[in-house]
Structures are given as C-alpha cells and as structure tokens.
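Me: I have a structure open and want to learn how to read it. Can we go through it feature by feature?

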Amino acid sequence: MKINEEKIQQCLQSAAQRSESEIWEILTKARKLEGLEADDVAALCSISDPDLLGELFRTAREVKDEIYGRRLVLFTPLYVSNLCKNDCAYCAFRSSNRDLNRRALTMDEIAAETSALVDEGHKRVLLVAGEAYPRDGFDYILRAIDTVYSVKRGSGEIRRVNVNVAPLEEVDFKRLKQHNIGTYQIFQETYHRETYAKVHLRGAKTDFDWRLEAMDRAIAAGIDDVGIGVLFGLADWRFELLALQQHIHHLEKRFGIGPHTISVPRLEPATGADLASNPPNPVSDLAFRKIVAILRLMVPYTGIIMSTRETADIRRETFALGVSQISAGSRTNPGGYSSADKKAAAQFSLGDVRSLDEVVADVARLGYIPSFCTGCYRLGRTGADFMDLAKPGEIKRHCAPNGLSSFLEYLMDYGQPKTQETGMVSIANALETMDHEPRQRAQAMLEKIRAGRRDVFC
Ligand code: SAM
Ligand code: SF4
C-alpha cells in the first residue's frame, strides 16, 4: 500500500473553496452513517466559523449517540517491558536514552501486575512493550499473554488481552492469533513519510513501509480485529486524517474489513525525548476535538480510543463527540501497578492519574455506562462479523445489555460505596431509555448478576 500524498495535498488545497452550504450538505450526508469522501473530510478539517463548528460537533454527538448510545468501554495498558532497539525521538524508551531504568518483567512479575489490575476490577488489558525482547525473543510476548490470561482471583480475571507490540512477520502474527488476543494494535505514528524519517532515527522502526503494511500481514494471518492510530503532534493533523482514511480504504478494499479501532494519542512530555515537549505540529484542544468529531463521521462504526494521555476534562468533552473506549487507572512503566517503585521509567507523563474507581464514578456521573464487556470477541463476533453487528440498533441491542451487566458486576465486586450509589442510578436511568426487547434482555442479565452469576453476556 502507498499513501498518495499528492492527492491529500490537492484535497486540502481545494477544501478552502468549499462554501458554507456545501459544509451543511456534508454534515447532512454524515448523518446517514455512510462515512465520508476524502474531499468531505478535507472540507470539515477547514471549518473555523463558530456556527459551523458547533454544527460539526452536534452532528458527531448525534452519530455517536445513534450507534453507541451511552456506553464507554474501559481498559488499561499493561507495560511488560521498556527494552527497545529503536530510537524514536519522542519516546522515553528510545535506545539513546541511557538514563532509563530498563526492565522486562518476569512472568511472576506480570502475574503480580495482572493480579493488581484484576483486584481493581479490570477485565481488559492492552499489553505494551518496546521493540526488543529478552533472550527468548518474541516468545516472551506470547508467554506474557498466557500469563495474563492464567491469573484468576475469585471470579475476577482478565478476559481480553489486546496487544501493542512492534510489527511482525506474518508467521509470528499467526502465533499471536493462536494465543487468543483480542485486537492487534499498532500506530503508524505519522503517515507523512518525510516527517517519519526525521523522528525515527535508528532500528527496525525506520522502515516506514514495513510498519504501514503491518496490518496487511496481521489480517492475512487471521487477526481480523486490528487497531490503527496516529501520534498527533508530529505532522499536520489534517494530512494525518486523510492518510488514515487512505489506509482504511486500502484494508477495506483488500480484505473487506476496516480497523476495529482508531487511537488518537497526542504527544506527551517524555524524559530523554525533548521533541515530545516541543511537538513540530502541536494540536490544540480545539483541533483535537475536531479530530475526534471528524473521525466519528468519517468511520461511524469504528471504535475511537482515548488514552491515558489526555486530561480528565478533554476526555469528558470527547466522549460525547465520538470516543467509544478509554483507558483508566493507567501506568506506563513496567511494574507500575504492583511494585513499590511506581514512578520509575514511565514511557511518558500521564494527563489523568485517577484510579479506575474514580474514573468509573466520573463516567457514570456524566451519564455514561462504563462497560467491561468482552462478549463479542469471545462469541467470535470479530472482523466482518463485528462490522455486520455494528449496524444502527444492533450495537445497542447486544452491547447495551452487556455493558449494563458488566458494569453491575464491577459495582458489586469492586465499587466503592459512593461509586455503587452513582452507578445504580445510571443503570436505572439507562434501562428507562432502552427499547422494550433489549431492556427485557438486560433486566434478565442483571438479575443473574444480582443472584451471583458472573461474566453474563449475549
Ligand atoms: N514499541 C512499539 C511501537 O513503537 O509500536 C509498541 C509500544 S509503544 C510504547 C506504543 C505507542 O506509544 C507508540 O506507538 C507511540 O504512539 C506512543 N508514544 C510513544 N511516545 C509517546 C509520547 N511521548 N506521548 C504519547 N504517546 C507516545
Ligand atoms: Fe521503542 Fe516504541 Fe518507544 Fe519507539 S515508540 S522507542 S519503538 S517503545
């Protein structure tokens, strides 16, 4: 696959000439939930008029609500190793950062980290590592995944392990798939080839095309839930959105499925990586909200992931615009959940350091249902099957009841008394707004949870 930079530049140049009425037409089209053309995306990127901006955000809120309702999926990253042979100018794990305390967790340490997460109430983790493995090579990651799945704490366990590790050969993707992962995730960082070359200074990651084609190899190997993303702040965000769209179109054309999720990290300060504190193309909070809103309209059925990197305020605003998954209670240093040395060797600084319970309470107070559901993937509803499910109404029919039952399970097993109080009110409110059939189903599932059953999903 190739990113057609010339086409992107043309789209961006002609966008400035689009009239106000044309923008209204694009937004009307977006409400049909059929996605957008490249010219439309470029036109939305160019909006600066406050009324039109307001309309863009309103449309994104409507689309988010129509497809996803009030559900927000929660997960947490699990950093297993900060060993790395690459030299990415923005990352504290870069090989040239000699001051970093390097460690790859042992399997016992990974089990201890997992126990700490399970005891907090987590059900989904994103396993993260730098691009260098201890002596057993990539098998280290496979053993780490097995270790996470093996930890049982009463009825608590991690039920879905997503993975963010360096691009692999197809044969290793096949092995990854055999270890029962949820989503394989990797970010291109920037789709702008020249910028990419400037910030990736040494190691395998200098190969732009090897990374760009990682998802082709992953899907060819049978991993049909893939997550892509951009590290915003490196190149012009408008360029990145149009390039991301080309990447998605390529995957859809070749495999009949697009990415399961898109992540939208923004550069955060990182020790030993000055560039991270001085982004070449900083993205303002307003531009960031636009990015989320435009993505919501561009690919209405694709999950948008907001990470630990954003402050609680920004996260709140962007939930409404289109975010469907967030991380909570996160640490970005290997051993950060269970060891005493919680501040050592973090990948970047965190904008939100609240505990899972605080985030759950906050999300619920805002009228959202924190979901820990892992039903789809365990029922084999992935890739094209998930996309079929993701038609209007369908997500609400399955995911809304599943979200409620997983939330009640969290509240009963891990919630602080105040969180339980807030959560019970949210569950009651959510039931009231549901259609008859999913409400019946949800009520039956909630009854089972109250009676002591766990891991109830449909
Ligand atoms: N090493 C693998 C790689 O580079 O793809 C996977 C793990 S890497 C730790 C995960 C992601 O962290 C990167 O893809 C990058 O987008 C993000 N990241 C690195 N430095 C960052 C920073 N200073 N601020 C925000 N995100 C950062
Ligand atoms: Fe290594 Fe990934 Fe950090 Fe680059 S972003 S230095 S590859 S851990």
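Predicted model: local features only at pLDDT ≥ 70, side-chain atom pairs only at ≥ 80, totals over all residues.

Me: Which atoms of Y90 and ligand 1 pair up?

Reply: Look for N or O atoms within 3.5 Å of each other. For Y90, a polar backbone atom sits 2.9 Å from a nitrogen atom of ligand 1.

Me: What is the distance from ligand 1 to the side chain of E189, and to that of K205?

Reply: Both pairs use an oxygen atom on the ligand side. An N or O atom in the E189 side chain is 2.5 Å from an oxygen atom of ligand 1. For K205, a polar side-chain atom lies 2.8 Å from an oxygen atom of the ligand. As for cover, ligand 1 taken alone exposes 560 Å², and the protein buries 97% of that.

Me: Is K123 buried or exposed, and why?

Reply: Compare relative accessibility with the cut-off: under 20% is buried. K123 counts as buried because its relative accessibility is 4%.

Me: Which residues does K123 touch, leaving out those up to four places away in sequence?

Reply: The contacts are E157, I158, R159, R160, F372, T374, E409 and Y414.

Key
Residues numbered from 1 in each chain as written. Chains lettered and ligands numbered in written order. Heavy atoms only, no water. Polar contact = N/O pair within 3.5 Å; in protein donor to acceptor, adjacent residues only side chain to side chain. Areas by Shrake-Rupley, 256 points an atom, 1.4 Å probe, with all protein chains shown as cover. Buried < 20%, exposed > 50% of the residue type's maximum accessible area, 1.4 Å probe, protein only. Contact = heavy atoms within 4.5 Å.
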